[in-house]
Amino acid sequence: MKNGLDYYKDFIDGLVKLKNGVDGKRILGNGYPDNDENQPFNELLAALTQEQKEVLAKLVQKARLGGIHDTLAYMNEMMDCDDLVLSQNGEAFPHDEFDSMHFDFICRCEGDDWRK
């Protein structure tokens, strides 16, 4: 039976699995779906070299990771200051068991093992 720590690890690892979005693939591939909303994006991508597309894809990826990181940092602050409690199936996630949610996320993205 899972405990709060197991659910916490699954939560962070689930976000790690989502770290790579579709945008980088679209930038490096055939662009965005062909519709009016995406036309400016596809026009920009068509004007870029492959090397420029690779830089743009990395920039978009960094922004995605930054968004996840900042959300987790905010959630951690809410746990520290405003008694936010995260739980699953009645099991509360531990608070700062390792470090912080955003630190744990980045460590797991870099391939670090869970400590303890």
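Biologist: Where is glycine 111 found, and is the residue buried or exposed?
Modeller: This is a predicted model. In it, glycine 111 sits in the segment after α5. Its relative accessible area is 53%. The cut-off for exposed is over 50%, so with 53% glycine 111 is exposed.

Biologist: What distance separates the C-alpha atoms of glycine 111 and valine 16?
Modeller: Along the chain, glycine 111 and valine 16 are 95 residues apart.

Biologist: How many salt bridges does a search of the whole structure find?
Modeller: One joins the side chains of lysine 2 and aspartate 10, at 2.3 Å from N to O. Another joins arginine 108 and aspartate 13, at 2.8 Å from N to O. The search of the whole structure finds two.

Biologist: Which parts does the pair of arginine 108 and aspartate 13 tie together?
Modeller: The side chains of arginine 108 and aspartate 13 meet in a salt bridge. Aspartate 13 lies in residues 4-17, and arginine 108 in residues 101-109, so the pair ties together parts 95 residues apart in sequence. Those parts are helix α1 and helix α5.

Biologist: Are lysine 2 and aspartate 10 buried, exposed or partly exposed?
Modeller: Lysine 2 has a relative accessible area of 40%. Aspartate 10 has 37%. Buried means under 20% and exposed over 50%. Both values fall in between, so lysine 2 and aspartate 10 are partly exposed.

Biologist: How do the residues of the contact of α1 with α5 divide by class?
Modeller: From α1 come Tyr8, Ile12, Asp13, Leu15 and Val16. They meet Met101, Asp104, Phe105, Arg108 and Cys109 of α5. The division is seven nonpolar, no polar and three charged.

Biologist: Is aspartate 104 buried or exposed?
Modeller: Aspartate 104 is found in helix α5. Leaving out residues up to four places away in sequence, aspartate 104 touches Tyr8, Ile12, Phe98, Asp99, Trp114 and Arg115. Its relative accessibility is 5%. The limit is under 20%, so aspartate 104 counts as buried.

Biologist: Within what distance do the axes of α4 and α5 come?
Modeller: Helix α4 covers residues 50-81. The axes of α4 and α5 cross at roughly 145°. They come within 7 Å.

Biologist: How many charged residues has the contact of α4 with α5?
Modeller: On the α4 side are Leu65, Ile68, His69, Leu72, Ala73, Met75, Asn76 and Met79. On the α5 side are Met101, His102, Phe105, Ile106 and Cys109. Ten of these residues are nonpolar and three are polar. The contact has no charged residues.

Biologist: Which residues is leucine 65 in contact with, leaving aside neighbours within four places in sequence?
Modeller: Leucine 65 is found in helix α4. With a relative accessible area of 22%, leucine 65 is partly exposed. Its C-alpha atom is separated by 9.6 Å from that of leucine 18, 47 residues apart along the chain. The contacts of leucine 65 are Lys19, Phe105 and Cys109.

Key:
Residues numbered from 1 in each chain as written. Predicted model: local features only at pLDDT ≥ 70, side-chain atom pairs only at ≥ 80, totals over all residues. Heavy atoms only, no water. Salt bridge = Lys/Arg side-chain N within 4 Å of Asp/Glu carboxyl O. Buried < 20%, exposed > 50% of the residue type's maximum accessible area, 1.4 Å probe, protein only. Helix = DSSP H or I, 4+ residues; strand = E, 2+ residues; numbered from the N terminus. Axes fitted to C-alpha atoms, helices over the stretch in contact; angles between N-to-C directions. Contact = heavy atoms within 4.5 Å. Nonpolar A, V, L, I, M, F, W, Y, C, P; charged D, E, K, R; others polar.
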